[in-house]
Amino acid sequence: MSSTRYIVVTLLKILVVIALVVILFVAGTMIGYGVIGGGDPKDVFKEEIWTHILDFFKG
């Protein structure tokens, strides 16, 4: 295998892993907020929800 092809394949694998992490994060937050938390799953995309979460961790 040529070095250029090896680099391209490796970069594609990394991009696939990053995409899966983003997709699973969004799905997890929607399930956590919607199913477990009792809210509307689409509300996780609202800015005030994330502001509240970050304020909670800041103390």
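Student: Which residues make the nonpolar surface patch?
Tutor: In this predicted model, the patch is made by Tyr 6, Ile 7, Val 8, Leu 11, Leu 12, Ile 14, Leu 15, Ile 18 and Val 22. Its area is about 870 Å².

Student: Take Leu 11, then. Where is Leu 11 found?
Tutor: Leu 11 belongs to helix H1.

Student: And how accessible is Leu 11?
Tutor: Leu 11 has a relative accessible area of 48%, so it counts as partly exposed; the exposed class begins over 50%.

Student: Now Thr 29. Is that residue buried or exposed?
Tutor: Thr 29 is buried, because its relative accessible area is 19% and the cut-off for burial is under 20%. Thr 29 lies in helix H1, which covers residues 3-36.

Student: What does Thr 29 touch, leaving out residues up to four places away in sequence?
Tutor: With those left out, Thr 29 touches Gly 34, Val 44 and Trp 50.

Student: Changing topic: where does Asp 43 lie?
Tutor: Asp 43 sits in the loop between H1 and helix H2, the latter being residues 47-58. Asp 43 is buried, with a relative accessible area of 17%.

Student: Which residues does Asp 43 touch, again not counting those up to four places away in sequence?
Tutor: Asp 43 touches Tyr 33 and Ile 49 on that basis.

Student: On to H2. How many of its 12 residues are buried?
Tutor: The count is one, and H2 is hardly covered.

Student: What distance does H2 reach from its first C-alpha to its last?
Tutor: H2 reaches 16 Å, close to the 16 Å expected at 1.5 Å a residue.

Student: What follows H2?
Tutor: Gly 59 follows H2, and the phi of Gly 59 is positive, near 105 degrees.

Terms used:
Residues are numbered from 1 along each chain as its sequence is written. This is a predicted model: local features need pLDDT of at least 70, side-chain atom pairs count only at pLDDT 80 or more; totals for chains, interfaces and linings use all residues. Side-chain values use heavy atoms; hydrogens and water are left out. Helices (H or I, at least four residues) and strands (E, at least two) are DSSP runs, numbered from the N terminus. Buried means under 20% relative accessible area, exposed over 50%, partly exposed in between (1.4 Å probe, protein chains only). Contact means heavy atoms within 4.5 Å. Patches are made of residues with over 30% relative accessible area and no salt bridge: like charges are joined within 9 Å, nonpolar side chains (Val, Leu, Ile, Met, Phe, Trp, Tyr) within 5 Å. Accessible areas come from the Shrake-Rupley method with a 1.4 Å probe; for residues, only the protein chains shown count as cover. A salt bridge is a side-chain nitrogen of Lys or Arg within 4 Å of a carboxyl oxygen of Asp or Glu. The expected span of a helix is 1.5 Å times one less than its number of residues.
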